[in-house]
Amino acid sequence: MRSIDELFEKSSRSLAQRTSRRSLLATLGKLLTGAALIPLLPMDRSSRAEAAEPAEKGKGNAAADPQSCEYWKYCAIDGFLCSCCGGTSNSCPPGTSPSPITWIGTCHNPADDRDYIVSYNDCCGKVSCGNCECNRNEREKPMYRPSRNNDLNWCMANADSNYHCSVSVILGVAEK
Amino acid sequence: MNTLILPAAALCLATCTPLLAAAPLPAERLSVAPLPPNNPHRVYVVDDAFENEIDARVHLFDGDTYQRLGQIDAGFNPAFNLSPDAKTSIVGTTYFSRGSRGVRTDVVEFTDNSNLKVTHEIVLPSKRAMTLPTIFSLTYSADARFVYVSYITPAASFGVLDPAKSTVLAEIDTAGCVLVIPSGPNRVSSICESGRLLTVTLDAEGHEASRSMSEPFFNPDVDPIFAQGIPSNDGYTFLSFLGEVHQVNFSGAQPVFGTPWSLVSPAEKGHWRTGGTQVGAIQRKLDRLYVPMHVGGEGSHKDGGTEIWVFDLKTHQRVARWPLEHEKLAPVLAVQVSQDDAPLLFAATNHSDLAVFDAMTGRLRHVENKLGQTPWVLLTP
């Protein structure tokens with residue numbers, strides 16, 4: 001929180017940078033919103049996607065296999081799939097810590113033909129998993145738009161900021 | 001058995017005796033190999049070691065002898081750059097007190113490029129931008145008086161360091177704009193989400209003297225630029241996802257934006273794209289731009305190039321197109337070119353190979369297989 005206090009203190013200094021500051025605050029707001037939403041939204045384990053996790057594995061439908069880079073929720077993930085590292089597509093492996101800040105993407109689920117807003121959280125505190133590297137970049141943007149960037153180490157604000165792997169967590173259905 | 005032993009003994013008499021009679025090898029003296037003198041064909045290969053990311057390193061490779069020259073250790077998720085005279089390497093990195101965990105220490109380390117020894121370091125606040133390496137994560141001012149380091153926590157700012165006194169001079173808030181683009185002895189520009197550049201001018205002590213915001217020079221919603229700029233004769237050139245070329249002149253107090261032009265024809269636009277981790281290189285004497293290109297759609301901006309296209313920056317014409325398929329090269333993620341009169345083009349592939357081309361003709365001179373694990377950025381003096 002110290003960095004956020006400093007941010008607000010510093011960002012109130014110069015009127016000349018009003019536009020950029022506003023966009024920063026908007027971005028930060030999105031990040032905080034994303035982080036805040038995660039505990040509020042129950043993990044929908046009855047959803048088609050979640051139910052599909054163990055059942056579809058190995059059946060050749062990559063878009064339904066959470067251990068495949070082609071899994072629909074991973075449309076802009078960058079890193080090692082936690083589902084190949086002892087976790088699942090929405091849970092961190094044992095002994096790691098989820099990143100409280102993250103970035104947000106929108107992925108299309110072919111199984112129900114809906115677009116979902118997902119948060120890409122990193123799992124932190126151990127060295128990189130090294131298994132199932134996956135880099136997809138649909139609607140991904142460079143780091144000057146951090147709320148859409150997957151190059152940043154989102155473990156940056158964790159007590160242990162080492163990067164281990166990445167998950168993709170459904171936040172809700174995207175409004176059309 | 002005797003029938004076997006006799007011929008064997010005869011053979012040994014013919015072949016073993018001279019060996020037995022030769023003088024023994026002299027005793028050896030353990031030493032440290034000297035680093036060959038710096039030269040324009042030395043390339044610094046930044047290897048993020050993504051699969052075990054606390055162990056990144058920078059490999060030095062000679063483009064003439066095709067030999068590895070040595071290594072600079074680079075810790076976790078590093079930034080890397082060279083001093084203006086190329087005599088010093090700087091690594092911005094992070095260490096954890098227990099290897100992969102524990103107390104975080106962010107630091108900039110200085111390495112003497114004549115012997116690859118670390119000479120000194122500057123400990124930073126724990127704010128260093130942890131991201132893919134770019135030359136705008138950590139850089140020198142033009143006169144080497146200052147070193148600038150990008151901070152993202154995710155609040156964005158940058159640090160001003162005194163490399164001579166090993167001190168942090170200042171932290172400057174950038175109002176959400178990111179990275180450190182150096183110009184002149186005391187200016188730092190950052191890229192903003194609005195498509196503008198924020199330029200901060202420093203005083204002699206490294207503190208903020210003034211700041212200004214440019215007009216937007218690209219539209220991040222329609223056609224974002226890659227954040228990594230390519231050093232050119234009067235500033236930096238930025239490429240967009242759809243192939244627009246934004247040449248920005250940083251020689252004055254404020255950046256001046258050239259009229260954008262396109263790498264691709266209308267028929268090629270959206271079909272042929274640039275992509276990778278280092279999407280272009282400029283040979284400044286020739287004013288030539290080298291870009292890895294691939295066929296792909298939205299979201300393919302990190303895919304490697306299957307061809308390298310060469311452009312004349314004065315005429316904006318494509319002067320060569322070098323397909324890589326017949327060279328059996330994997331897609332190219334990063335390119336760099338030497339700045340001498342017989343330039344070499346270096347290309348790192350997504351199979352971790354480093355290809356060395358004649359930058360004038362495109363002739364493939366050498367492929368160094370598996371130069372590191374994830375070689376994502378290349379620098380030349």
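The contact between the chains takes 38 residues from chain B and 43 residues from chain A; residues are in contact if their C-beta atoms, placed from the backbone, lie within 7 Å. This is a predicted model, in which local features need pLDDT of at least 70, side-chain atom pairs count only at pLDDT 80 or more, and totals for chains, interfaces and linings use all residues. Residues are numbered from 1 along each chain as its sequence is written, and chains are lettered from A in the order in which they are written.

**Exercise 1.** Describe the side of chain B that touches chain A.

*Solution.* Sort its residues by kind: 20 are nonpolar, nine polar and nine charged. Here Ala, Val, Leu, Ile, Met, Phe, Trp, Tyr, Cys and Pro count as nonpolar, Asp, Glu, Lys and Arg as charged, and the others, Gly among them, as polar.

**Exercise 2.** Find the order of the helices and strands in chain A.

*Solution.* Start with the inventory: chain A has three helices and six strands. These are DSSP runs (helices H or I, at least four residues; strands E, at least two), numbered from the N terminus. Then read along the sequence to get α-α-α-β-β-β-β-β-β.

**Exercise 3.** Trace the open sheet of four strands in chain B.

*Solution.* First, the strand order is 25-26-27-28, with antiparallel pairing; two strands pair if DSSP finds at least two bridges between them. Next, strand 25 (332–337) and strand 28 (364–368) are the edges, each pairing on one side only. Finally, look inside the sheet: five bridges join strand 26 (residues 344–349) to strand 27 (residues 354–358), and B:F346 has B:V356 of strand 27 as its bridge partner.

Definitions and conventions:
Two residues are in contact if their C-beta atoms, placed from the backbone, lie within 7 Å.
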